Amino acid sequence: MLLTSRYIHGKTTIRHLTLWHKNIIEIRRSASLSNTFSTFHVPLTSPPLQINRTSHHEIHTSAASSAIWASPLNNYQRKSVNTIRSRSLSTETTWNESSLPEKIKSLDEYKVLYDFSIKDPNRFWKMAAERLDWYRFPTKIKNTEFDYRCERGVDIKWYEDGILNACYNCVDRHIEHDHSTAQQVALIFEPDTPTESRHHVTYGELLRDVKKFANVLKKHGVKKGDRVTVYMPMVVETCIALLACARIGAIHSVVFGGFSANNVAERVSDCDSKIIITSDFGVRGGKCSPLKAKIDQALKMKQCSAVNTVLVFQRNHGMPEMKDDCADLRSSLEWKDGRDFWVHEEMEKVNEICEPERMNAEDPLFILYTSGSTGKPKGIVHTTGGYLTYTNLTFKYVFDYNPGDVYMCTADVGWITGHSYAIYGPMSNRATTVIFEGVPTYPDVSRYWNIIDKHQVNIFYTAPTAIRSLMAHDDKYVTHTSRQSLKVLGSVGEPINPEAWEWYHTVVGEKRCPIIDSWWQTETGGMMITPIAHAWELEPGVATLPFFGVQTKLFDKATKKPLNPPNSGELCISDSWPGQARTLYGAHERFVDVYFKQYPNYYFTGDGCEIKENGYHHITGRVDDVLVISGHNIGTAEVEAALDHHDHVSESAVVGYPDPKKNQGMYCFVTLKDDVEETEELRKQLIKLVRDMIGAHVTPDFIHFAPNLPKTRSGKIMRRILRKIVEPDISNLGDTSTLTDPSVVDDLIKKCPRTKRA
Ligand code: WTA
């Protein structure tokens, strides 16, 4: 191999040659598998969207059909975890150890590389870093300490003497390596209303706008290391804002657009940001939601007195169509001269020249707040080099992203999935990404599948909650669409129950597409336990195997002792990986307390996990969602899976309540499918189903039929609120402003027999 490290200046030709060389090897491998070499002899210098699609698909499917991917109902691999991990670097693959392969084609190839990543993390992650462009390539790769008891304390550093820029890696370099990439579509914007103008943004246009917006930030005094709060809808301008921050070394802190003014104020003051980027409004599900007006509310609070600048994007600036309520909102905005600025006006005052800032690998890239078990949100800090390397590699391998593929992630940028797999992972891989502003059910429940057809989406990544809400409707809403472009389907955010998995696999993917059930967290930065597309057999609802460099360990909750697989316990990670959060903003001690003190020398995930005989990992849900009833530990996720098994059930949420006899009782909220009647008979059937599926010791005490459950706008059921309702402790429900529909809570309270009794 010609290239061992990549530098920004002067190596373009060598890189081209290397890429070419790799691709030729790749094509030859595929050719030998399919004997159809001539059909996919594509010009490697073409911009991805110009690649002959038919040919490209042939490359892919021919490789896939010979891989071991098969129906999930076939026999599973029955190899123990030790077997999986103990294979040495041997003759099993053609991998030559000088650079990472372009894709992982089989379980054997995974095993060899996994072994290598554990035995020699410095070499493995050095090779992964070679996928990026560095101003100075790091000489130090891994320098990490998990043990809070030692003098150094918990301290995580990757690539610490490396210098790079995340925005450069996501945009500029693709054009510098291949000028025709300027014409490649980077982002496809799909607005909430399907008939509204959508637009395609090329890498060239994106680079121009990012540079200009970066100059707007500079003009308003933003410097390297400053925190910038971003409160935006899911639109192209949000990507521009984030990349512009990264370009000048400012640390973005995205606050999800559904959060209340109070929450915004709390997050602004926690990271002491003096500037806010927002939009006049956002549109979701046909409704116009005020964003700038909420910022105005937040800025009236004392906590936010330091904020001196608000940059306001006009949603759909220059487009003719606008709903009446949106037009009213725009015209009635409060405006504070000297503090509030329209971005489109500011963009006219700056030029298009803006060199990327040279950032140390350990300089923070962003802060993202996530809720903790105590009230105060945790400001998770991710740094530049490790995070980008990790999201770049996981995106490439897990989804098997190939040039020309159209990728869509439905997550809002307000959550980590939107950061890692709508922006940094795909863009650092020169992907074409669909940015969807709306919701899966508007204007009807075919929306996702229509978008997939419209933009010929090949890889689709969404959340189980969306899948469950869509599968509650007639399959015809899916089957009347084509979905032939789909190759890979992904799921993230919560355990996916086997029924939802099967529906996603069979109805949506027509059994053609692997389901990537990827387990990870805001704190982990990227995917941790996940299938790799087409590489191995899948099991419904099972996240399968750890990604390279990720070492899992189970512990017994009561004794705190390690457990040997096969077993179930609390999931910890034994050693660091580059995408890991480094600290909590301004609260390193809390970081150590929450994640490193439960099990000294391990990162504690807070999730339960079963590692099966074949080494596959099945995430059982948050460990704080485990009920202890009459001495039996019962995972609420397990009960939910049983309830969801019933043909008439769309979704369920199970919570515990204090019971003087049994320690805890079990209360089940159940949403039925369209047009199913709530009957006593059905209630009995569900109780029996749970007993039958889990065991006679598991008997729901209450089945509460609830047409709607309280959900955050990212789709997560707020179990905290459900627990308070059934305790009952309704005077302490906490903040309900982040729910899609706060009135759901009142309906539940009215119907809850335990609240009534109290
Ligand atoms: C849960 C989202 C089961 C888990 C990326 C984790 C999952 C929490 C899965 C993190 C999955 C995420 N299977 N559970 N595939 N993916 N989770 O920080 O409980 O929003 O700890 O990150 O979601 O949620 P977060």
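**Notebook: contacts, ligand shell and cores**

I began with the contacts in the chain (heavy atoms within 4.5 Å) and noted that, of those with a separation of 6 or more, 73% are between residues 24 or more positions apart. I keep in mind that this is a predicted model, in which local features need pLDDT of at least 70 and side-chain atom pairs count only at pLDDT 80 or more, while totals for chains, interfaces and linings use all residues. Residues are numbered from 1 along each chain as its sequence is written, and side-chain values use heavy atoms, with hydrogens and water left out.

**Whole chain**

I looked up the secondary structure and found 24 helices and 31 strands, taken as DSSP runs numbered from the N terminus (helices H or I, at least four residues; strands E, at least two). Of the 758 residues, 61% count as buried, meaning under 20% relative accessible area with a 1.4 Å probe and protein chains only. The chain exposes about 28500 Å², of which carbon and sulfur atoms supply 50%; accessible areas come from the Shrake-Rupley method with a 1.4 Å probe.

**Ligand**

For backbone N or O atoms facing a nitrogen atom of the ligand, I noted 2.8 Å for Ser 518, 3.1 Å for Gly 493 and 3.3 Å for Pro 495. Taken alone, the ligand exposes 520 Å², and the protein buries 90% of that.

**Helix α14**

Just after α14, Arg 430 takes a positive phi of about 60°.

**Nonpolar cores**

Here a core is a set of buried Ala, Val, Leu, Ile, Met, Phe, Trp, Tyr and Cys residues joined through side-chain atoms within 4.5 Å. In the largest one, of 160 residues, I found that Phe 213 and Tyr 424 touch the most other members. Helix α8 (residues 236-248) gives the largest share of this core, ten residues. Leaving out residues up to four places away in sequence, I recorded that Phe 213 touches Ile 240, Ala 241, Ala 244, Ile 277, Leu 311, Phe 313, Val 343 and Met 347. Apart from this core lies another, of 21 residues, including Val 655, Tyr 657, Tyr 667 and Val 726.

Note on methods
Polar contact = N/O pair within 3.5 Å; in protein donor to acceptor, adjacent residues only side chain to side chain. Buried < 20%, exposed > 50% of the residue type's maximum accessible area, 1.4 Å probe, protein only.
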